[in-house]
Amino acid sequence: MNSQNTPVHIRLWHRDFWLMAIANFLLAMSVYMLIPTMPQWLMSTQNFSALESGIAMGAFGVGLFALGVFVSFLVQHYRRNVVCIWAVIGVGALIALLYYLDAQRSLFCDLGLVIIQRFALGAAFGLAQMVLTSTLIIDTSESFQRTEANHSASWFSRFALSLGPMSGLLLVRLLGFDVMLLSAIGCAAVAVVLIMMVHFPFRAPEDDITVVSLDRFFLPHGFPLFVNLQLIMLAVGILFSTALTELFYAMMMVGFLGALLAQRFVFRDAEVKSEVVSGLILILAALLMLLTRTQQIVHFAAPAFIGFGLGLIGSRFLLFFIKLSRHCQRGTSQSTFLLGWESGIAWGLGIGLAFFSDHSHRALWVSLGLVIAALIMYNFTHNWFAKHKNR
């Protein structure tokens, strides 16, 4: 049976790993809090059109790729934890810029400035996440625990995908957009403190390292997996453009917890292909429920199914990228997964806002079509992966 299971080592969960995992969670929280709240602010407070808001939100996905080619050079020539710290500080500073713009209530924001802010936020977040996941988290683990470390740490940022938007919506509704921004800045600040609490020994840089490199940035021979993941996350991003309630994201968290348990007990010795296929079928079922049913139970079951499906898909695709990587490419595989996941959400959110702002049913139909396309593609992608994996 072509099965794969990630073992659990209690020794992995030491102080430094916990600090890095929580820092990863808080960094993701600081950005994910803006997913449902910033478009509302742009359109209601700043009088942006839906198209302008979509372009601004989608700029984040472009920014994610901006600094990737320099990651290897930066972590080789400067202390890797310092690079990450400054990148997280950049995330906090750019969110603080939003706070300043919100405080200027007598003036409307310029669209160009907001697009630049979102692009820069994507660049800073992408750099921080690439260094954190491809270098720092790996460095806190023994060599035989690194796959488990990557798998476990990714769940913390996955939890933030539900808890971040839920917290953002709650804070805006109860205390206002400005308090939500201060909370996001606080998350980034605490993440900086946690990273500073871990000691990373100095490493002498390699002599022949180039300024521009795909190392720790993108895995070219993982492109089919990247495209397949992008299709899925585009569908999710479009769906997020219509999901504006705390209940939706709270039930997504329930789905994530269900996926975590299912991976440990239901899919423990299952055929590898089953997790992604099951996850896509669950998301399809959720979208069909949202399209065809109006009962109250749908508002609980559909987002739970989406969280369950995303949990299964995210974990399995991450391990696929790791298994596809060659020697010394583990960090590169992490970054490639990150780019596919995050840019898909950002571009899907932008497309949903720009083209389906007043047509939620159309958005759901487009998401449904993308998931079906991803399911069809996966049948070919999985066979390709099985032939080309290296681990």
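Residues are numbered from 1 along each chain as its sequence is written, and side-chain values rest on heavy atoms, with hydrogens and water left out. As the model is predicted, local features need pLDDT of at least 70 and side-chain atom pairs count only at pLDDT 80 or more, while totals for chains, interfaces and linings use all residues.

Serine 30 sits in helix H1 (residues 15-32); helices here are DSSP runs of H or I, at least four residues, numbered from the N terminus. Serine 30 counts as buried because its relative accessibility is 0%, the cut-off for buried being under 20% relative accessible area with a 1.4 Å probe and protein chains only. Its side chain reaches back to the backbone oxygen of leucine 27 at 2.6 Å. Setting aside residues up to four places away in sequence, serine 30 touches Val91, Ile95, Ala184, Cys187 and Ala188, where contact means heavy atoms within 4.5 Å.

Phenylalanine 317, leaving out neighbours within four places in sequence, is in contact with Leu225, Asn228, Leu229, Ile232, Val276, Phe337 and Tyr378.

Then there are the holes. The structure holds three cavities of 30 Å³ or more. A cavity is a set of points on a 1 Å grid over the protein atoms alone where a 1.4 Å probe fits but cannot get out, and lining residues have an atom within 4 Å of a point. Grid points are joined across faces, edges and corners, and a volume is the space filled by probe spheres set on the points.

The largest cavity takes up about 210 Å³. Of its 16 lining residues, Thr133, Ser154, Ser157, Phe337 and Leu338 lie nearest the centre. H1, helix H6 (111-139), helix H7 (146-174) and helix H13 (330-356) each give two or more residues to this lining.

For the second largest cavity, the volume is about 100 Å³. Its lining includes Val31, Tyr32, Arg118 and Glu342. At least two lining residues each come from H1, helix H2 (34-44), helix H3 (50-63) and H13, with H13 giving the most, four residues.

Conventions. Buried < 20%, exposed > 50% of the residue type's maximum accessible area, 1.4 Å probe, protein only. Polar contact = N/O pair within 3.5 Å; in protein donor to acceptor, adjacent residues only side chain to side chain. 1 Å grid on protein atoms, 1.4 Å probe; cavity = no way out; pocket = protein on both sides within 12 Å on 5 of 7 lines; lining within 4 Å.
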